[in-house]
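Subject: Structure handover

Hello,

Here is the structure for your pocket and packing work. Please load it before reading on.

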Amino acid sequence: MQYFQDAGLITPWGCIEHGALLAGDGKIRALGAVEAIACPEGAEVIDAHGLLLSPGFIDIQINGGFGKDFTAEPGALWEVAAGLPRYGVTSFLPTVITSPPETAQRALEVLRQGPPPGWRGAQPLGYHLEGPMLNPTRKGAHNADHIRPPSLEVIEGWSRANGVILVTLAPELPGALEVVQELRQRGVAVSAGHSAASYEQALLAFDYGVGFGTHLFNAQPVLAAREPGLAGALLDDRRVCMGLIPDGIHVHPGMIRLVWKLAACERLILITDSMAAMGMPPGTYKLGDYEVFVDGTSARLADGMLAGSIITLEQAVRNLCGFTGCLLEEALLSVTEIPARSLGLAGKGRLEAGMDADLVLLTPEGQVVKTFVNGELLISAK
């Protein structure tokens, strides 16, 4: 057992100062004020004085990292997952972008086969398939040769039971709403993205079960006074959550502040949309079929188009605090409780008895000090 002593506990009910948390057998056993939670004999005592204890971070859109791309190299899943805890990530949705059908099939098979012996890392919960049912006019860094019209044939074999958690599609395309309904029946969440949907088309899609927006403002029509489009619908409709890349490049800090005012602590999910260059020096890396040029600030195709990001989820949280002035415990909801709740990720996202002991110790400035997955210490900065 582990006894976290004198931590600031980030709980669903607020921050408990000078708290204690008891973890054992991969689960949270008890938590509360330090004087109320006794340390069992033989437990490992972790002195957390001056630190915050948060649920583990969840990244629902990540294309790769550490030099590896999930679309180009599906077999790199476990290698990337092993590196993510250094940034506080304890679980994630590896993301495969628009590609031939066999790519997604191969990715799902890698997940089914499980990790190699002795592996330790962040837990891949299932895939986010971003494409191929996208609007070609909003394809971004997706290869148009692999884009396909929405149909039940495209989603053959896609289900939550088979490892598909989230699918991004363009809901305005013919046949898309039928696909949305079928995916929802299979337990798969659906996100609107790489889309030219109007405000009205987006609201109709939400009626059919679309519950998310993929990287708000990016690969979507511009938010305009008389044509609010998909972005306007996502901001306006409280039924849906939205992913946001807070690197200050994909979305202007002023717009991030606006989003925070509309969706803070309820519907905002921070994502990295990171690609293979995350955690690596400047250079040339893969994103699906494309070479991406990374200068240490952004990742772009040869024509200058943004192609994912290089931000980490740890930095994303700190950026949100810096851009909006929000409290760290408020920002943390966007990488813990909100993604877990909205995607039905059982046991994740909350410090509560019975939940998974996916835990991150942080400085008050948001620097990761220690990361635990199922109660096992994977990363320690000291």
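Predicted model: local features only at pLDDT ≥ 70, side-chain atom pairs only at ≥ 80, totals over all residues.

Residues are numbered from 1 along each chain as its sequence is written, and side-chain values use heavy atoms, with hydrogens and water left out.

The largest pocket holds about 290 Å³ of space. Its lining has 18 residues, with Pro101, Ala104, Gln105, Val154 and Trp158 nearest the centre. The top contributor is α2, with 4 residues. By type, the lining splits into 10 nonpolar, 5 polar and 3 charged.

The second largest pocket holds about 240 Å³. Of its 17 lining residues, Gly140, Ala141, His194, His215 and Leu306 are closest to the centre.

Grid points are joined across faces, edges and corners, and volume is the space filled by probe spheres set on the points. Nonpolar means Ala, Val, Leu, Ile, Met, Phe, Trp, Tyr, Cys and Pro; charged means Asp, Glu, Lys and Arg; the others, Gly among them, are polar. Helices (H or I, at least four residues) and strands (E, at least two) are DSSP runs, numbered from the N terminus.

Next, the cores. A nonpolar core is a set of buried Ala, Val, Leu, Ile, Met, Phe, Trp, Tyr and Cys residues joined through side-chain atoms within 4.5 Å. Buried means under 20% relative accessible area (1.4 Å probe, protein chains only). The largest core has 75 residues; Phe92 and Trp158 are among those with the most contacts inside it. Helix α7 (residues 313-324) gives the largest share, 6 residues. A second, separate core has 18 residues, including Ala7 and Leu9.

Now the helices. In α5 (residues 229-236), 7 of 8 residues are buried. Their cover includes α4 (199-208) and α6 (253-263).

Leu77 lies in helix α1 (residues 77-83). Leu77 counts as buried because its relative accessibility is 0%. Leu77 touches Phe92 and Pro124, among others (contact: heavy atoms within 4.5 Å).

Regards

Notes. Buried < 20%, exposed > 50% of the residue type's maximum accessible area, 1.4 Å probe, protein only. 1 Å grid on protein atoms, 1.4 Å probe; cavity = no way out; pocket = protein on both sides within 12 Å on 5 of 7 lines; lining within 4 Å. Lists of a residue's contacts leave out its neighbours within four places in sequence.
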